[in-house]
Amino acid sequence: MKLRPPSLARPGNREEIRTRLARLSPGDERRWGTMDAPRMLVHITDGLRMALGELPCKPKNAPWARIFPLKQLILYWFPWPKEAPTSRELVARPPGPWDDEMERCVQLLQRFATGDTPSEWPDHPLFGRMNARQWGILGYRHIDHHLRQFGK
């Protein structure tokens, strides 16, 4: 049996994320971290924008995160640490109206389904070169991490 990690490229995984996002509300309390729910929603939306090549992020100086097998272990297997650092670009934008932010996030999720994705995927600021499969898995894991942060 081949183990397939969840990915935004898979319809069932995208639907699960959409359902969990729909349960999120602006006043939800976080379990860890510093972001409130509106800032977290903007953060994951901007993470999707980064994955789709719409939000360039400055590369990190962490060559260790780009080498095999460490990159693969982090992307696919290791649990995400709470309060891990992120790119400044992913926490820079202030939240707009909740419904607008939610709609933007769901539309970006849908782009993983429609194939309206880059022909050449952008480099990740920490992991460097990534393909569509890696971006789909990382996107799922990132959003899942933050939804769990708010108990969703």
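**Close-up views of a predicted model**

**View 1. Surroundings of Arg93 in the predicted model.** Once neighbours within four places in sequence are set aside, Arg93 is in contact with Arg39, Val42, Thr45, Asp46, Arg49, Glu101 and Arg104. Arg93 itself belongs to the loop that lies between H3 and H4.

**View 2. The largest nonpolar core.** This core holds 35 residues, of which Leu8, Ile17, Leu21, Leu24, Leu48 and Ile143 touch the most other members. Two or more residues are given to the core by each of helix H1 (11-22), helix H2 (37-51), helix H3 (70-76), helix H4 (98-114) and helix H5 (132-149), and the largest share, 7 residues, comes from H2. In soluble globular proteins, nonpolar side chains tend to be buried together.

**View 3. Contacts of Leu24.** Leu24, which is among the core residues that touch the most other members, is shown here with its contacts beyond four places in sequence, namely Ala37, Met40, Trp98, Met102, Leu147, Phe150 and Lys152.

**View 4. Arg133 and the ring of Tyr76.** The charged end of Arg133 is placed over the ring of Tyr76, at 5.2 Å from the centre of that ring. As for pairs between aromatic rings, the structure as a whole holds 1.

Key. Residues are numbered from 1 along each chain as its sequence is written. This is a predicted model: local features need pLDDT of at least 70, side-chain atom pairs count only at pLDDT 80 or more; totals for chains, interfaces and linings use all residues. Side-chain values use heavy atoms; hydrogens and water are left out. Rings of Phe, Tyr and Trp (its six-membered ring) pair if their centres lie within 6.5 Å; planes under 30 degrees apart count as stacked, over 60 as edge-to-face and the rest as tilted. A charge sits over a ring if NZ of Lys or CZ of Arg is within 6 Å of the ring centre and within 35 degrees of the ring normal. A nonpolar core is a set of buried Ala, Val, Leu, Ile, Met, Phe, Trp, Tyr and Cys residues joined through side-chain atoms within 4.5 Å. Buried means under 20% relative accessible area, exposed over 50%, partly exposed in between (1.4 Å probe, protein chains only). Helices (H or I, at least four residues) and strands (E, at least two) are DSSP runs, numbered from the N terminus. Contact means heavy atoms within 4.5 Å.
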